[in-house]
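Welcome, and thanks for taking a look at this one with me. Please have the sequence and the 3D view open side by side as we go.

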Amino acid sequence: MGKFFKLVQNEYIKILNRISTWIILGLVVLAALGLCLVSVLVKNEMNRNNDTYSQSTYTDGMYDSEIAYQKDSKPEGYEQMIEALEFLRDNKIPYADWRYAAANDMAQVKTQLASASASGLDDATVKALTKTAQDYKNAILAKDWKAYYQIKIDVIQEDASLSKEEKEMQEWQYQYRLGHDLKPGSDWKSNLITETATLKAQVASMRKEQESGTAQDMEKLNQNVDKIQANLYRIEHNIRLDIASAGLTHPQGTLGFWDVFSTSSKMISVISLLIIVIAGSCVASEFSSGTIKFLLINPVKRGKILFSKYVMVVSFAYLMLLFFFILNALFCMMFYGTGDLGIPYLSVAGGTVHSTPGFAYIAGKYLLASVDILVMATLAFAISSLIRSSALAIGVGAFAMLGGNTLILILKQALNLDWARYLIFANTNLSSIMDGSSLFAHQSVQFALIVVAVHMFVFLLTAWDGFVRREV
Amino acid sequence: MTTALKLEHISKTIGKKQILHDISFETYAGEVFGFLGPNGAGKTTTIKIIVGLLCLDEGAITVCGTALKNHFEKAMQNIGGIVENPEMYKYLTGMQNLRQYARMRGNVSQKRIDEVVEMVGLSNRIHEKVGHYSLGMRQRLGVAQSILHHPKVLILDEPTNGLDPAGIKELRDILKNLAHKEGVGVLVSSHLMSEMEMMCDRVGIIAEGKLIGVQTVEELISTSSGGKTGFVFTVSDVPRALELIAGLNQEATRLDGRRFQVALPSGETDEPVSAICAKLIGAGIGLYGAAPMENKKLEDVFIALTETGGKQIG
Ligand SMILES: Nc1ncnc2c1ncn2[C@@H]1O[C@H](COP(=O)(O)OP(=O)(O)O)[C@@H](O)[C@H]1O
Ligand SMILES: [Mg+2]
């Protein structure tokens, strides 16, 4: 065992004394730094495109165009709408304020009232509607959001067309805010409550359809139920971010640490290139430089020498992953600070929410991505041992890594060949297979792992056979 | 004498070409064995088989009593060597290279590495990258590498390639020292007879994949003339002359229809020669000439034995 460790040590010394290793290592550092720099550009771009409807300060004239539109095209209830808009303007209320929504509600009630008096409703209803409209107005003027939500609840309660469950579902978010004293706004908690309310509505309608006999996507339904639970957990534990959906392309709020750090797990192909170069050259270069004779003239069986090289490749791959992980974490901290580090990743299983440290979650993503590296490195290693050509081994390895997905895409999408699911390239992306976004329907993780294991075994056997029997 | 290395009936075919034909010989602990043959004779092929670079198709190899085939690691523990050119990792220093081999062999201390480096005269340059070494320096590094772990059998394939005359002498001293003082069984291959003559105790001659013979250097030289001076007589009747000379208690060998040779102790040839001449003339045999042969070197023997001196490389 000690002797085998020394063989691996030898391999590390050889690799670390080569300039090419350090150049590629430098590229890995640049890749991590580059990600952070790109994220800063994305962030600036995002700030520029800020949505006007989330505008949270009032500016003069912001309602003019809408008032003009209402006056011009006269849609149903335009008089009440213009009244409400002018009211908003006079009180200098911006879009993002809850009072904007309240003024809209008020306009709606008044429209209802107008059509009601035209069709001659009973006095009691007219009286009730007039009171509701006035209550809205009072709440707005008093800036009393609790009163506003109480009115919303009352309106839902009094709606005779709703069942008890529907009432509960619709009033949930108002009750929740009142109960938790959560003032409306455009902060993440408010957004999350709105999202949760939508999810609840979806779940309710799916359940209703299910009862009436229509088959439902149970997976989607369960996902929504879990998501509702996780959202409530986040609000209660004050967890600002959902790390699972963080990313450069859809950041939550302003771009932050987890958006960039979690994107880094998709850049692991940079490391695969480094590893493929090392795996593809570590056997072949001994032959091309003639050092193989001095390597094999030792009291060590060839199988052990080959295995020590493979152990070096695999352990180096994981050391590189660790290095890349730490490097990205450090760069992200440098660019985005350390404020968000404590945010956990939430997963829901069997109705309970589990919280794991965010770093552990990202590390898991790195590990899943490492399967791809491992397979391609083993392929390059086998070619290197069999054909004794570094160039060919590195070329095929890199081509397989970069072209494998394209090949699968062509076979499946263009030619619609389902057997492509047995190919190694359709099975190395474990994370997409896990979340069900694989190209092939019902591709399971167990199946993928078996395909990967079989390929690895064949690659290693080829490498071993080629190396042990070779005449030098 | 204990056997260090034993080859029994080694044959090797690569592709369709049979390169080695039934090679058998032994080397002993404490001797320098020369493995002599012209280019392409099969020296490197034989050595590659001994150190396990080529697989052994036919025959058996025993290293210090251990069969190479069944106990590779144990057998190799006793072998050190250089095969063909000393190609080491160019991007590592000489010392880093030696440490690589030290780690693979176990039981090699830093002290031993320094000792070996001193022995091959590389102390001043050992921390330079091997890429900057000359062929001679790499050859020295190769020798250092081969003796790191105190092997009982040392196999060097044309180790004098690229060495300067001083280097050759140093190597000779190192090898003689290892063999005669430390009891190592050394096998050195070469296509240069002159240096074999100086460093070897015994020589095996190989040509076209066949082992022609194994003899001590003295034997080899004396089969033709060593220590004695050969006198060649040209006469009219060789068989009768030989009969007569047998009576004189001299050993004579027939060379061809007109000539025979008598080996006489060098420096004391005058009286026997005149006695032989008197006898021949007295018996009425025509004596046309009597001349001493030039003192033959191993080189001549080698060329004569292998008969490839003027031919194409086999
Ligand atoms: N891999 C090979 N394939 C075919 N022929 C070979 C191979 N290696 C050596 N030979 C042939 O075997 C013969 C002996 O070569 P070698 O052992 O290198 O000779 P030398 O005595 O000069 O070291 C040569 O004729 C050579 O051409
Ligand atoms: Mg040779």
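Which are the buried residues of H5(B)? They are B:Gly136, B:Met137, B:Arg138, B:Gln139, B:Arg140, B:Leu141, B:Gly142, B:Val143, B:Ala144, B:Gln145, B:Ser146 and B:Ile147. Here buried means under 20% relative accessible area, exposed means over 50%, and partly exposed is in between, with a 1.4 Å probe and protein chains only. Helices (H or I, at least four residues) and strands (E, at least two) are DSSP runs, numbered from the N terminus.

Before going further, a word on the ground rules. This is a predicted model, in which local features need pLDDT of at least 70 and side-chain atom pairs count only at pLDDT 80 or more, while totals for chains, interfaces and linings use all residues. Residues are numbered from 1 along each chain as its sequence is written, chains are lettered from A and ligands numbered from 1 in the order in which they are written, and side-chain values use heavy atoms, with hydrogens and water left out.

Helix H5 of chain B covers residues 135-147. Its 13 residues reach 19 Å from the first C-alpha to the last, close to the 18 Å expected at 1.5 Å a residue; the expected span is 1.5 Å times one less than the number of residues. Because 12 of the 13 residues of H5(B) are buried, this helix is largely enclosed by the rest of the structure. What do the buried residues of H5(B) pack against? Within chain B, the partners are strand S6 (79-82), helix H3 (94-105), helix H4 (110-119), strand S7 (153-157) and helix H6 (165-182), and chain A contributes helix H14 (292-296). Contact, throughout, means heavy atoms within 4.5 Å.

**Chain B as a whole**

The chain has 11 helices and 14 strands. Of its 314 residues, 49% count as buried. Among contacts in chain B with a separation of 6 or more, 70% are between residues 24 or more positions apart. The domain assignment gives domain 1 (3-222) and domain 2 (227-292), with bounds that come from an automatic or database domain assignment. The C-alpha centres of these two domains of chain B lie 45 Å apart.

B:Asp22 lies in strand S2 (residues 17-28) of chain B, and B:His9 is in strand S1 (residues 3-14) of that chain. The two are 13 residues apart along the chain, and their C-alpha atoms are separated by 4.4 Å. Leaving aside neighbours within four places in sequence, B:Asp22 is in contact with B:His9, B:Ile10 and B:Ser11.

B:His9 also has a positive phi of about 50°, although it is not a glycine. B:Glu158 is a further non-glycine residue with a positive phi, of about 45°, and its place is in the loop between S7 and H6 of chain B.

Here is how some individual residues compare in accessibility:

| Residue | Relative accessible area | Class |
|---|---|---|
| B:Asp22 | 45% | partly exposed |
| B:His9 | 49% | partly exposed |
| B:Glu158 | 13% | buried |
| A:Gln173 | 18% | buried |
| A:Ser389 | 23% | partly exposed |

Chain A is divided into domain 1 (2-48 + 260-469), domain 2 (57-143) and domain 3 (163-249). The contact between domain 1 and domain 3 of chain A takes 19 residues from domain 1 and 13 residues from domain 3. The centres of these two domains, taken over C-alpha atoms, are separated by 38 Å.

How do two of the helices of chain A meet? Helix H15 (residues 302-336) and helix H16 (residues 358-387) of chain A pack at an angle of about 145°, with their axes 10 Å apart. Axes are lines fitted to C-alpha atoms, for helices over the stretch in contact, and angles run from 0 to 180 degrees between N-to-C directions. The residues of this contact of H15(A) with H16(A) divide into 20 nonpolar, 4 polar and 1 charged. Ala, Val, Leu, Ile, Met, Phe, Trp, Tyr, Cys and Pro count as nonpolar, Asp, Glu, Lys and Arg as charged, and the others, Gly among them, as polar.

A:Ser389 sits in the loop between H16 and helix H17 (390-414) of chain A. Not counting residues up to four places away in sequence, A:Ser389 touches A:Gly280, A:Ala284 and A:Ser384. Finally, A:Gln173 is found in helix H8 (residues 164-180) of chain A, where it touches A:Ile193, A:Thr194 and A:Ala197, again not counting residues up to four places away in sequence.
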